[in-house]
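Please look over the sequence and the model before reading on.

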Amino acid sequence: MLGIAAAVLFFIAFLINAADITTNDVSSSGNVMLLGLTLLALHVAGIGGGWGGRARRR
């Protein structure tokens with residue numbers, strides 16, 4: 001789930017940068033990309049992996 005959110009944030013950062021959209025300092029493409037990297041690091045660390053459906057029990 002966090003990996004998908006990171007991909008969306010990377011795409012938004014790409015659009016801001018590619019379309020040359022002027023934004024304020026808070027939502028600049030670099031800051032959006034840093035948020036995406038944070039979410040990606042959390043995903044790789046395994047945090048948020050249990051948010052899906054119910055796990056199987058054997």
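Which residues does Ala 6 touch, not counting residues up to four places away in sequence?

## Basis of the model

The model is predicted, so that local features need pLDDT of at least 70 and side-chain atom pairs count only at pLDDT 80 or more, whereas totals for chains, interfaces and linings use all residues. Residues are numbered from 1 along each chain as its sequence is written, and side-chain values use heavy atoms, with hydrogens and water left out.

Leaving aside residues up to four places away in sequence, Ala 6 touches Gly 36, Leu 39 and Leu 40, where a contact means heavy atoms within 4.5 Å. Ala 6 lies in helix 1, which spans residues 2–18; helices (H or I, at least four residues) and strands (E, at least two) are DSSP runs, numbered from the N terminus. The C-alpha atoms of Ala 6 and Leu 37 are 6.7 Å apart, although 31 residues separate the two along the chain.

Ala 6 counts as buried because its relative accessibility is 1%, the classes being buried under 20% relative accessible area, exposed over 50% and partly exposed in between (1.4 Å probe, protein chains only). Ala 7, also found in helix 1, counts as partly exposed because its relative accessibility is 44%.

Two packed helices are described by the angle between their axes and the distance between the axes. Here the axes of helix 1 and helix 2 (residues 29–45) come within 8 Å and cross at roughly 165 degrees, the axes being lines fitted to C-alpha atoms over the stretch in contact, with angles running from 0 to 180 degrees between N-to-C directions. Helix 1 is therefore roughly antiparallel to helix 2, a term that applies to angles over 145 degrees.

The residues of helix 1 that meet helix 2 include Leu 2, Ala 6, Phe 10 and Ile 16, and those on the helix 2 side include Val 32, Gly 36, Leu 40 and His 43. By class, this contact has 15 nonpolar, 5 polar and no charged residues; Ala, Val, Leu, Ile, Met, Phe, Trp, Tyr, Cys and Pro count as nonpolar, Asp, Glu, Lys and Arg as charged, and the others, Gly among them, as polar.

## The protein as a whole

The protein has 2 helices and 0 strands, and 12% of its 58 residues count as buried. Among contacts with a separation of 6 or more, 58% are between residues 24 or more positions apart.

Key
Angles under 35 degrees count as roughly parallel, over 145 as roughly antiparallel, 65 to 115 as roughly perpendicular and the rest as oblique.
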